[in-house]
Amino acid sequence: QVQLVESGGGLVQAGGSLRLSCVASGSIFSINVMGWYRQAPGKQRELVARITSGGSTNYADAVKGRFTISRDNAKNTVSLQMNSLKPEDTAVYYCNAAIYTKPGTRAYDYWGQGTQVTVSS
């Protein structure tokens, strides 16, 4: 069994910063892509940023230059540093990881429970 647990959400004023962290635990052989998604009320879940095991990253246009994703492969963690936050960044943020639980099998997607980020104007 695999679990993803997020931490670091909260309430911040516009222009402020938050750092989200996610740790994967359980029956993990290796982790491919890790990422962060978000879902605002009444909207679909959308990709914020993702990072491969080799460190390649990509970001949603809305967060480029403001958010930075990083990971520690040895600790199975992924983090999202969010700077210059805007009210439109308000959403529930979800950690996602494509995880191999056994060698020679496909990777499966796992999700965290979500953490609320609220940016006040």
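**A buried aspartate, a disulfide and the strands around them**

Good morning. I begin with Asp 89, which counts as buried at 1% relative accessibility; buried means under 20% relative accessible area, exposed over 50% and partly exposed in between, with a 1.4 Å probe and protein chains only. The model before you is a predicted one, in which local features need pLDDT of at least 70 and side-chain atom pairs count only at pLDDT 80 or more, whereas totals for chains, interfaces and linings use all residues. Residues are numbered from 1 along each chain as its sequence is written, and side-chain values use heavy atoms, with hydrogens and water left out.

Where does Asp 89 sit? Asp 89 belongs to the loop between E8 and E9; strands (E, at least two residues) and helices (H or I, at least four) are DSSP runs numbered from the N terminus. The side chain of Asp 89 makes a polar contact of 3.0 Å with the side chain of Arg 38. By polar contact I mean a pair of N or O atoms within 3.5 Å; within protein, one must be able to donate a hydrogen and the other to accept it, and residues adjacent in sequence count only if both atoms are side-chain atoms. A polar atom of the Asp 89 side chain also lies 2.8 Å from the backbone nitrogen of Lys 86. Setting aside neighbours within four places in sequence, Asp 89 is in contact (heavy atoms within 4.5 Å) with Arg 38, Arg 66, Phe 67, Ser 84, Val 117 and Val 119.

Ser 84 deserves a remark of its own. Ser 84 lies in the loop between E8 and E9 and has a positive phi of about 50 degrees although it is not a glycine. At 40% relative accessibility, Ser 84 counts as partly exposed. Asn 76 is found in the loop between E7 and E8, and its relative accessible area of 22% makes it partly exposed.

I turn to the disulfide. How many disulfides does the model contain? The count is 1 disulfide, taken as a pair of cysteine sulfur atoms within 2.5 Å. Cys 22 is joined to Cys 95, with an S to S distance of 2.1 Å. The pair links distant parts of the chain, 73 residues apart: Cys 22 is in strand E3 (residues 18–26) and Cys 95 in strand E9 (residues 91–100). The link of Cys 22 and Cys 95 is left-handed, with -80 degrees about the S-S bond. Cys 22 is buried at 2% relative accessibility, and Cys 95 is buried at 0%.

Next, the nonpolar core. In soluble globular proteins, nonpolar side chains tend to be buried together. A nonpolar core here is a set of buried Ala, Val, Leu, Ile, Met, Phe, Trp, Tyr and Cys residues joined through side-chain atoms within 4.5 Å. The largest such core has 28 residues, and those with the most contacts inside it include Trp 36, Phe 67, Leu 80 and Tyr 93. Among the elements that give two or more residues to this core are E3, strand E4 (30–39), strand E8 (77–82) and E9. E9 gives the most, with 5 residues. Apart from its neighbours within four places in sequence, Leu 80 is in contact with several residues, including Leu 20, Trp 36, Val 48, Phe 67, Ile 69 and Tyr 93.

Finally, the strand pairing, where two strands pair if DSSP finds at least two bridges between them. An open sheet of 4 strands runs in the order E1-E3-E8-E7, with antiparallel pairing. Which strands form its edges? The edge strands are E1 and E7, each of which pairs on one side only. E1 and E3 are joined antiparallel by 6 bridges, with Val 2 partnered by Gly 26 in E3 and Gln 3 opposite Ser 25 in E3. E3 and E8 also pair in the antiparallel sense, over 6 bridges, and here Arg 19 has Gln 81 in E8 as its bridge partner.

E4 pairs antiparallel with E9 over 8 bridges, where Tyr 37 has Tyr 94 in E9 as its partner. E4 also pairs antiparallel with E5, over 5 bridges, and Gly 35 is bridged to Arg 50 in E5. The hairpin of E4 and E5 has 6 residues between the strands, and in that hairpin Gly 42 takes a positive phi near 75 degrees. Thank you.
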